[in-house]
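Please look over the sequence and the structure below.

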Amino acid sequence: MRLGIRQHLHGRLRSPWWERSIGALGVLLLADSFLPWYRLSWTVSRYGSGQQTHHVNTATAWHSSSAWSLAVLLGVIAAAGQVTCGVYANRWPTLSVRLRWLLLLTATTGLLVATVSWLAIPSVDAASGYGSVAAEQIAGGVRFGDIVRDHLSARETNVAWGFYLAVFIMMALVLLMLLDVVRRADRHAAAIAG
């Protein structure tokens, strides 16, 4: 008898797979924000010997772009809010439905901020080449190869794999949140009709 009660309680406390997936995606997005999102690479040739050395400098979402930092925050807040709504769904059912729509809008906004800020990064200028930097751009404590927050360039070559992984995570997050909202709306409509 006691085992049956535990099974019943365990079944009620367990959230649906998509809610657990939303929580996992929120954690993955936060972890991904510390991976390389932007990189600069350059080659230096020594005068005289011609020996070449290759250098790479990378930056996370937090160090490279304010917009990317905002996008990560919006995605993580939306995922955490969605999981919290699942925990308190029985206490405040009407608040939960409205809040889930707001959280879906928050996650979608995060995805749009990340994508639009990526599109705002200037493209590679083939006429000037990759390796030339004007002397006045290196002044003011910024050295050659430094990544300056919110001054990114060459979208096609410098945006690193961490950004693209984050966009994939955020798209999956938005789709699962939409699935959750639609399923709950269908169940709510069926309960009212039946």
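A nonpolar core is a set of buried Ala, Val, Leu, Ile, Met, Phe, Trp, Tyr and Cys residues joined through side-chain atoms within 4.5 Å; buried means under 20% relative accessible area, exposed over 50%, partly exposed in between, with a 1.4 Å probe and protein chains only. The model is predicted, so local features need pLDDT of at least 70 and side-chain atom pairs pLDDT 80 or more, while totals for chains, interfaces and linings use all residues. Residues are numbered from 1 along each chain as its sequence is written, and side-chain values use heavy atoms, without hydrogens and water.

The largest nonpolar core has 35 residues, and Trp37, Tyr38, Trp68, Phe163, Leu173 and Met177 touch the most other members. Helix 7 gives the largest share of this core, 10 residues. Helices and strands here are DSSP runs numbered from the N terminus (helices H or I, at least four residues; strands E, at least two).

Helix 2 covers residues 17-32. Its buried residues are Trp18, Glu19, Ile22, Leu25, Gly26, Leu29 and Asp32. Seen down the helix axis, these fall within an arc of 140 degrees, taken from the directions to the C-beta atoms, so they line one face of helix 2.

Glu19 also forms a salt bridge with Arg100 (3.6 Å, N to O); the term means a side-chain nitrogen of Lys or Arg within 4 Å of a carboxyl oxygen of Asp or Glu. Glu19 in helix 2 and Arg100 in helix 5 are 81 residues apart. Arg100 forms a salt bridge with Asp180 too, with the closest N and O atoms 2.6 Å apart. Asp180 lies in helix 7, so this pair ties together parts 80 residues apart in sequence. Through shared partners, Glu19, Arg100 and Asp180 make one network.

Terms used: The expected span of a helix is 1.5 Å times one less than its number of residues.
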